[in-house]
Amino acid sequence: LVRVTDKPNRQETILFVEDEVLVRMPIAQYLRDCGYRVIEAANADEAMTVLMHKETVVDIVFSDIEMPGAVDGFGLAKWIREHRAGLDVLLAGTVPRAVENAKQLCEQGSLPKPYDAQVLHDHIKRLLAARNAAKESEARLPKRELP
Amino acid sequence: LNLDLTDLPQLDFQERSSSGAPVVTNAPEEQYRDWSIVSGYTAISGRAVLQASGDRSPGHGLSRATILLVEDEVLVRMSLAEELRSAGYVVLEASNADEALDVLRSQRVRVVISDIRMPGRLDGVELARAIRAQHPEIKIVLASAESFSASHWADHDGFFLKPYDARRLIEHVKNLLG
């Protein structure tokens, strides 16, 4: 394959914090396709573990706001201000907002946009709808008696 | 839907697009609507034109296999995921067994690498059993800091005692994929 663009000397690293795997997975992949190194964290505790790991360089933290656990996105942003001042933090409270943030990051990435952000959003909606439908259908099944 | 382009020999590949990336031009829109999300390839929105995305997979081109990595320790997951990506694989990450099962409902995965001891509803052994029942074609590699009597149990294709050498694990995955 042929090089499309020259990559920068060091890939910028995004720490992406999102508890919903079906949102985290496609957005992380999208950002990688835009040329970023993406570290995935499933909650604020994982994000803080990564940020305290001295050998791991993070340039931008991109986090969901509502997350289970003791610390939500606002709490994480506050922790970062106290412990890693100067680090850029992007917060998103909804999936459309998260996709919009990803799109804006992608526009500054080192590679051309891999696909339209709307395609990404539609894909996430389909993933979540399919998962919810599967859960509803499981819930409607009569519970099996243990032998 | 998550397919490797190699699974679809009926697609035509032109050598290069104007940007230098290979392009597939004859993908029927209805059938491949979701292809935009296949890592390393691009569907130009709404037109089902699949485009390999530049040089992100040198030497691995059009046949990158997808690996699902299930690990609750973020630094271990991060480090192994990066090693696997450097080896040319598409890596999906799950922090527990329930997340892994959610991913497997929508993504085509060739290999699952899972830690055994994890918090949550299922541990790695129970996850492997569930995967074997639903997706017998998926190869499963387990890892744990504690030894594990793997010889009595068939629902896996390899076991690694932590801490292990990531290069050995990647070699094992490569062999599993043939």
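User: Are F160(B) and Y164(B) buried or exposed?
Analyst: Keep in mind that we're looking at a predicted model. The cut-off for calling a residue buried is a relative accessible area under 20%. Both F160(B) and Y164(B) come out as buried.

User: How many aromatic pairs are there over all chains?
Analyst: For a pair to count, the ring centres have to lie within 6.5 Å. Go through all chains by this rule and the count comes to 3.

User: What kind of pair do Y30(A) and Y115(A) make?
Analyst: A pair of aromatic rings is described by the distance of the centres and the angle of the planes. For Y30(A) and Y115(A), the centres are 5.2 Å apart and the planes sit at 45°. Stacked needs under 30 degrees and edge-to-face needs over 60. So this pair is tilted.

User: Which parts of chain A does that pair link, and how many residues apart are they?
Analyst: Y30(A) sits in helix α1 (residues 21-33) of chain A. Y115(A) is in the loop between α4 (95-107) and α5 (117-140) of chain A. Those are distant parts of the chain, with the two residues 85 residues apart.

User: Why does Y115(A) count as buried?
Analyst: The cut-off is under 20% relative accessible area. Y115(A) counts as buried because its relative accessibility is 4%.

User: And what kind of pair do the rings of F160(B) and Y164(B) form?
Analyst: Their centres are 5.9 Å apart, and the planes are at 70°. The edge-to-face label takes over 60 degrees. So F160(B) and Y164(B) are edge-to-face.

User: Which strands stand at the edges of the open sheet in chain B?
Analyst: This sheet has 5 strands in the order β6-β5-β7-β8-β9, with parallel pairing. Two of them have a single partner strand each, so one side of each is left without a neighbour in the sheet. Those edge strands are β6 (90-94) and β9 (159-161) of chain B.

User: Which residue in β6(B) is the bridge partner of T66(B)?
Analyst: Strand β5 (residues 66-70) of chain B runs parallel to β6(B), and 5 bridges join them. In β6(B), the partner of T66(B) is V90(B).

User: Which residues does A81(B) touch, leaving out those up to four places away in sequence?
Analyst: A81(B) is in helix α1 (residues 74-86) of chain B. That helix lies across β5, β6 and β7 (111-115) of chain B, running at about 165° to β6(B). At 0% relative accessibility, A81(B) counts as buried. The residues it touches are L69(B), V91(B) and E93(B).

Conventions
Residues are numbered from 1 along each chain as its sequence is written. Chains are lettered from A and ligands numbered from 1 in the order in which they are written. This is a predicted model: local features need pLDDT of at least 70, side-chain atom pairs count only at pLDDT 80 or more; totals for chains, interfaces and linings use all residues. Side-chain values use heavy atoms; hydrogens and water are left out. Rings of Phe, Tyr and Trp (its six-membered ring) pair if their centres lie within 6.5 Å; planes under 30 degrees apart count as stacked, over 60 as edge-to-face and the rest as tilted. Helices (H or I, at least four residues) and strands (E, at least two) are DSSP runs, numbered from the N terminus. Buried means under 20% relative accessible area, exposed over 50%, partly exposed in between (1.4 Å probe, protein chains only). Contact means heavy atoms within 4.5 Å. Two strands pair if DSSP finds at least two bridges between them. Axes are lines fitted to C-alpha atoms, for helices over the stretch in contact, and angles run from 0 to 180 degrees between N-to-C directions.
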